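Subject: Structure for your files

Hello,

Here is the structure I said I would pass on. My notes on what was found in it follow below.

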Amino acid sequence: MEIIYLFFIFIAIELFETNWQKSSTLYGILNNNFLAFKKGIFLYFTLHLSFFYAIFLSFSLDNFGFWMSSIIVLKFLDISLKLSIMKKLSDGLTIEQIIPFNANITPILRYLNVLIYPITFLFATAL
């Protein structure tokens, strides 16, 4: 039963994370990230709660298997890529110079992480 509560908390955290980055384009998402980054690196990391929650779950459940580790690694790579882009934006490059295409983000794509990561967490705890 505890796993179900942790699962729903994971969903809530993913919804929070998706909503503060919400935009209809890739450039918009990066702009929202850059606005948070400019306010401070500590705030930027704090807004990525799901990464810290995944680490917390790994340690509290003593689960370092493939599925749980996959969540942490993917979230780490996501934050690392975004930080690299934020650094380039801080150095004066434009978004167009860093990423030459502006993809549209559909609602399904926007909320895909709300399904993928919590379901992967269920795999990590059930298998």
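Is the crossing of H1 and H4 left-handed or right-handed? The crossing of H1 and H4 is left-handed; a crossing has that hand if the near helix is turned anticlockwise from the far one by less than a right angle, and is right-handed if clockwise.

Before the rest, the ground rules. This is a predicted model, in which local features need pLDDT of at least 70 and side-chain atom pairs count only at pLDDT 80 or more, while totals for chains, interfaces and linings use all residues. Residues are numbered from 1 along each chain as its sequence is written, and side-chain values use heavy atoms, with hydrogens and water left out.

Overall

The chain has 8 helices and 0 strands, where helices (H or I, at least four residues) and strands (E, at least two) are DSSP runs numbered from the N terminus. In sequence order the pattern is α-α-α-α-α-α-α-α. Along the principal axes, the C-alpha atoms fill a box of roughly 50 × 30 × 25 Å. Of the 127 residues, 41% count as buried (buried is under 20% relative accessible area, exposed over 50%, partly exposed in between, with a 1.4 Å probe and protein chains only). Among contacts with a separation of 6 or more, 79% are between residues 24 or more positions apart; contact means heavy atoms within 4.5 Å.

Helix packing

To return to H1 and H4: their axes come within 9 Å and cross at roughly 160 degrees. That makes H1 roughly antiparallel to H4. Axes here are lines fitted to C-alpha atoms, for helices over the stretch in contact, and angles run from 0 to 180 degrees between N-to-C directions. Angles under 35 degrees count as roughly parallel, over 145 as roughly antiparallel, 65 to 115 as roughly perpendicular and the rest as oblique. On the H1 side the contact is made by Leu6, Ile9, Phe10, Ile13, Glu14, Phe16 and Glu17, and on the H4 side by Leu49, Ser50, Tyr53 and Leu57. By class these are 8 nonpolar, 1 polar and 2 charged residues (Ala, Val, Leu, Ile, Met, Phe, Trp, Tyr, Cys and Pro count as nonpolar, Asp, Glu, Lys and Arg as charged, and the others, Gly among them, as polar).

H4 (residues 49-60) also packs on H5 (residues 66-90), at an angle of about 155 degrees and with the axes 9 Å apart. H4 is thus roughly antiparallel to H5, and H4 passes H5 in a left-handed crossing. H4 contributes Ser50, Phe51, Ala54, Ile55, Leu57 and Ser58 to this contact, and H5 contributes Met68, Ile71, Ile72, Lys75, Phe76 and Ile79. The classes are 9 nonpolar, 2 polar and 1 charged.

One of the H4 residues in that contact is Ser58, which counts as buried at 1% relative accessibility. Leaving aside neighbours within four places in sequence, Ser58 is in contact with Asn63, Phe64, Met68 and Ile72.

Aromatic residues

The whole structure holds 12 aromatic pairs. Rings of Phe, Tyr and Trp (its six-membered ring) pair if their centres lie within 6.5 Å; planes under 30 degrees apart count as stacked, over 60 as edge-to-face and the rest as tilted. Phe10 and Phe121 have ring centres 5.9 Å apart and planes at 55 degrees, so the pair is tilted. This pair links distant parts of the chain, with Phe10 in H1 (residues 2-20) and Phe121 in H8 (residues 112-126), 111 residues apart. Both Phe10 and Phe121 are buried.

Tyr44 and Phe45 form an edge-to-face pair, at 6.5 Å centre to centre and 65 degrees between the planes. Tyr44 is buried, with a relative accessible area of 0%, whereas Phe45 is partly exposed, at 29%. Trp20, Phe34, Phe37, Tyr44 and Phe45 form one aromatic cluster.

Lys82 is in H5 and counts as buried at 10% relative accessibility. Not counting residues up to four places away in sequence, Lys82 touches Gln21, Asn33, Tyr44 and His48. The C-alpha atoms of Lys82 and Ala124 are separated by 26 Å.

Trp67 is also found in H5 and is partly exposed, with a relative accessible area of 35%. Trp67 and Leu122 are 55 residues apart along the chain, and their C-alpha atoms are separated by 9.0 Å.

Regards
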